[in-house]
Protein chains: 2
Amino acid sequence: MVYDIAIVGGGPAGLAAAVNARRRNKETLLVSKETMSSKLVQAEQIENYLGIPQISGSELIGRMRNHAEAEGVINLKDEVQNIYQEDRLFSLIGRENAFQAKTVVLAPGISTTAEIVGEADFVGRGVSYCATCDGMFFKGKAVAMIGYIPEAESEAAFLSEICAQVHYFPQYNLATELGPKVNVVHGKPQKILGRDKVERLITSAGEFEVSGIFIERAGRPANELLDGLQIENGFIRVDFAQATNLPGVFAAGDCTGKPWQISRAVGQGQVAALSAAHFLNDNQD
Amino acid sequence: MVYDIAIVGGGPAGLAAAVNARRRNKETLLVSKETMSSKLVQAEQIENYLGIPQISGSELIGRMRNHAEAEGVINLKDEVQNIYQEDRLFSLIGRENAFQAKTVVLAPGISTTAEIVGEADFVGRGVSYCATCDGMFFKGKAVAMIGYIPEAESEAAFLSEICAQVHYFPQYNLATELGPKVNVVHGKPQKILGRDKVERLITSAGEFEVSGIFIERAGRPANELLDGLQIENGFIRVDFAQATNLPGVFAAGDCTGKPWQISRAVGQGQVAALSAAHFLNDNQD
């Protein structure tokens, strides 16, 4: 079977692409490594998906998946290792199966760097990857921000407006002044401690009593999948139609850059699918 | 009160910007002409807003509004006529009130009706989009009011108090009585004629000698709102952060181009608000 549109990744961007591809009446395959977007499943509460004021991450991604399944998306669990083009078809090579499609939407998300000891245990219980989403939960409290990339600085500044105390741990050469409200500490994070929730961060520069720990890491280039795919600053380069530099290949969601947000990913997934549908109609035999 | 972020437009893009601005702890004003997005209210069934498989347009926009209100967005019904910048503040001039803000997110949607032949040539020389602003220029003269929405009726009534003659051309099913001073004509506008200024309106119901022609549409061309705003192919030009060419001014949704889709608008509204929040943090006194 040759699918019209093959989508790599089962997070919000991939699922949005899948729903919209089906609404365009295209044979649609979605290949995802995990049954659920791992980042979203860990989010305790999401408050900025417009129209659904409060919902847990696992419930939201569950609703998104149900929506895609109701539309007739073929959803397979596999991990795409490589994609190559032959004649006018794309072959997607998974760990278990191979698939063929006329167009591809890349929505693999981003991978993150090594975990801090205790990090995984406290996700949603004090550890967060999004100051925008979760900052308000720590209003008036002490928090730590561990920044692996300079983009974390503005997140720390935002937190300093609402939190009682912000300790900032740059894991790179800090070049800018962060203002009097951010306490810059030069130390490596070693361990996160607490009973039910985060209570302490152990670092090479001492221990810190905090209620929240924000972690901001770099995304890893997603160019390993597809030869010749253009990457810019570590992200897949797309135009406003979500087209990559390779004809027939589109990309959406976190793999295209920041901000890493659900609604942005959903909107981009929608546009990517509509662009793929246009591409199919323009390139009919 | 000076708001951090003022949002023009109460459709999905504007409401998404509002929710995300509040999640960033910004004082947020949303000014919308209608209580509901007129386009969305008319949609009987929406099936591609990810996570909500089937919903009517009016119910979806209602949920979006409730979400924004729960986040503490200040929501005012008014129609922004003009925006100008002085020092580092934006002044938004509505029909009824004026507002001040440090940043602006434009999400006015698009006007779905085509221009009348000659309309663009006579703007400011007899063609006007605001009876409140320009009505007095036509005191004692004959004018036409072309109304695409029922909101135009009160403007026609206002004109009938100061003008010698008011011809009203409803472009929808007129349901109300407009009183003896307004001459209702059922005809389509076809052409605006004159030498230096407006002299005649040609319609499918005959020709009318008028000095002024007022036009009331569901949306107004966005480039009339703000001097120097860059427009490309009829749409507000934005970058990937939804920034326009004017520092502190962002745009989202249908006004930035196609495809005209809800999720795309919501994603762009989110990014626009986050970019405005970044701008505010980078430009603090």
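In chain A of this predicted model, A:Thr203 stands opposite A:Gly206 in strand 13 of chain A. Strand 12 (residues 198-203) and strand 13 (residues 206-209) of chain A run antiparallel and are joined by four bridges; two strands are taken to pair if DSSP finds at least two bridges between them. These two strands form a hairpin, with two residues between them. Strands (E, at least two residues) and helices (H or I, at least four residues) are DSSP runs numbered from the N terminus.

Residues are numbered from 1 along each chain as its sequence is written, while chains are lettered from A and ligands numbered from 1 in the order in which they are written. As the model is predicted, local features need pLDDT of at least 70 and side-chain atom pairs count only at pLDDT 80 or more, whereas totals for chains, interfaces and linings use all residues; side-chain values use heavy atoms, with hydrogens and water left out.

Two packed helices are described by the angle and the distance between their axes. The axes of helix 1 (residues 12-23) and helix 6 (residues 262-282) of chain A come within 7 Å and cross at roughly 35°. Axes are lines fitted to C-alpha atoms, for helices over the stretch in contact, and angles run from 0 to 180 degrees between N-to-C directions.

In chain B, B:Tyr49 is placed in the loop between helix 2 (38-42) and helix 3. With a relative accessible area of 1%, B:Tyr49 is buried; buried means under 20% relative accessible area, exposed over 50%, and partly exposed in between (1.4 Å probe, protein chains only). Leaving aside neighbours within four places in sequence, the contacts of B:Tyr49 include A:Tyr49, A:His67, B:Leu60 and B:Met64. Both B:Leu60 and B:Met64 are among the buried residues of helix 3 of chain B. The C-alpha atoms of B:Tyr49 and B:Gln261 are separated by 9.2 Å, although these residues are 212 residues apart along the chain.

Backbone features were also identified in loops. A:Asp87, located between strand 4 (80-86) and strand 5 (89-94) of chain A, has a positive phi of about 50° although it is not a glycine. A:Asp87 counts as exposed, because its relative accessibility is 74%. A cis peptide bond, with omega about -5°, joins A:Lys258 and A:Pro259.

Technical notes: Contact = heavy atoms within 4.5 Å.
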